[in-house]
Amino acid sequence: MTQAHWQKLGSPVAVDMEARPSAGRKRTRAKNKGHLSALPVVQRPALLPRIGILIDWCRRVLGGSRATQSIAWLSKPLAWLSRLAYAVLPGNLLWPTLVPARVRATLHVVRDEASGRAVDSWVWVRDGWEVLWQNGAFGKGILSRADPTWAARYRREKEEEEEEERRRRTGGVYLEDITRQRRAARQGTTGAADASDSMRLLDVAAADVGRMEPMQLSPLEALFLSEIGCLEVRGADGDGPPLLHAELFGVLQECHPPGALALRYAAYYYYRARGWVVRSGVKFGSDFLLYRQGGPARAHSQYSVVVRHAEAEGESRLCASWQYAAALSRLCTQARKSLIVCYVSPPPPAAEPDGSSNCAGPPDLRQYEIQEFLVERFNPNDK
Amino acid sequence: MDAHPRFHEVADVCRWAPQRTRALFQAYLDIKYAQLFGAARAVLPSGGLGLPLVTARGARGGAHVFVPVYADERFGLATLAAIQEQAQTLGISAADDSSSAITVHLAIVEDDSTVSYYTLGDGEQSMAAALAPV
């Protein structure tokens, strides 16, 4: 990120990582009580703070021993070094989700033939997706549940098939293989692969296997990575100059209702800035699912987030209806998640000289405010 | 999408409904190459429905008709009724025999390529089957 980008975000404020809500069903101070939070801005380079944390831990562990005196003298120059790095080095927005590279992506747009307006769009990453996945669980393989694994599974199935064929030809068939085939025949499946293992029946050319599954970024992920300088988005053919963040936002916004993308992006940015891995919540009826660092590969999500527009005082509704809220809460409870309703308060649209409102350009997130409510069912029998 | 080696399998249908390209193609890919349904193909039904569908055959020979939709999309009753009607016609041609069951599913496509499936059934028939004596 350039110095100009740091200035756009304003004065740096350290994010209090301890302000994260505690896990799962534990009661927190914020339970049933909304707290108003401004969107966080830049938190400075990861390495020096981590050294400082390590030194503090050593001092606590070693107590008043002589060893701590040798460590203590490191802390003062380290503090000066941190301030110097803070002022000089390019900033990293979020040290928990530090993506140490700039990855290339392609933007694919479907336009209305009559008006030329974008009606749909998506962002694909073919090379370098491992960096995004390992540093914040960004993206999803279009043929997998998480990171792209289709090609590896397909090749493994083909190798197993070739190995079995080789054994049949050379006579290396074992009693267990015969037993398995007879068991499959008794269960009514044919000797050939059934639907459960019919990757072998897919006829995919060897040259196409590696191109079958790009990683797809959601619009919010693409905007976020573009904003922190970790994603370079170009046109569908991969050529041409990379899109500026504002240009990318403009194209993606055309495919959404006015204001909707900015609202969800503000909430996405908010949770990402606090160290959560944010994924789609469509399977649980919500907007987002929040995972701890490590993402869905490590553990199930703890929170399910519904994003709402904070309207004028007295007009905001927690949910479309209390029946809807109850249904959503029950669904989350069954899936062992807590429901969070996240109100986003956007600034009023800037007025143009002719009186019309200007909603163009990426949102200035410094002017957004977030208010969260945790909603859980209370059983009076558990008093 | 045309940068994908399998886009040509749905290109003809996408040409008639370009605004549904992503939903159709990603649902088709998921059904055929991830969920491993047999004989998957994209069709544009007649009758003015305007929604491309994906037909496939299950492991037991039954026909499955998938309706690719976007997560923030809304349908009216007329559209749902038209989907059911067209699905019956398409499902018969997709099934192994005319007596096989035809099941209609919504394939809800999210913007990160997640596809969720929900079955649309005739509530009256399902309840009658549930209440029938064993």
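Colleague: How many residue pairs are in polar contact across the interface of chain B and chain A?

Modeller: This is a predicted model, and across that interface the rule finds eight residue pairs in polar contact, with both residues at pLDDT 80 or more. The elements that give two or more residues to the side of chain B that touches chain A are α2 (21–34) and β5 (115–120) of chain B, and α2(B) gives the most, with eight residues. By class, that side of chain B has 13 nonpolar, seven polar and seven charged residues.

Colleague: Why is the pair Asp120(A) and Arg22(B) called a salt bridge?

Modeller: The closest N and O atoms of Asp120(A) and Arg22(B) are 3.0 Å apart, and the rule asks for a side-chain nitrogen of Lys or Arg within 4 Å of a carboxyl oxygen of Asp or Glu, so the pair qualifies.

Colleague: What makes Glu221(A) and Arg279(A) a salt bridge, and where do the two residues lie?

Modeller: Their side chains meet at 3.7 Å, N to O, which is within the 4 Å cut-off, and therefore the name applies. The pair links distant parts of the chain, with Glu221(A) in helix α8 of chain A and Arg279(A) in strand β7 (residues 277–280) of chain A, 58 residues apart.

Colleague: Which residues of α8(A) and α10(A) meet, and how do the helices cross?

Modeller: The axes of helix α8 (residues 219–227) and helix α10 (residues 260–273) of chain A come within 10 Å and cross at roughly 60°, and the crossing is right-handed. Among the residues that meet are Leu220(A), Leu223(A) and Phe224(A) in α8(A), and Leu261(A), Tyr265(A) and Tyr268(A) in α10(A). The residues of this contact divide into eight nonpolar, no polar and four charged.

Colleague: What area is buried between chain B and chain A?

Modeller: About 2,600 Å² is buried, of which carbon and sulfur atoms give 58%. Tyr33(B), Leu36(B) and Asp111(B) supply 22% of the area that chain B buries against chain A, more than any other three residues. In terms of contact, 27 residues of chain B touch 33 residues of chain A.

Methods: Residues numbered from 1 in each chain as written. Chains lettered and ligands numbered in written order. Predicted model: local features only at pLDDT ≥ 70, side-chain atom pairs only at ≥ 80, totals over all residues. Heavy atoms only, no water. Contact = heavy atoms within 4.5 Å. Buried area = accessible area lost by both parts, 1.4 Å probe. Polar contact = N/O pair within 3.5 Å; in protein donor to acceptor, adjacent residues only side chain to side chain. Helix = DSSP H or I, 4+ residues; strand = E, 2+ residues; numbered from the N terminus. Nonpolar A, V, L, I, M, F, W, Y, C, P; charged D, E, K, R; others polar. Axes fitted to C-alpha atoms, helices over the stretch in contact; angles between N-to-C directions. Left-handed = near helix turned anticlockwise from the far one by under 90°.
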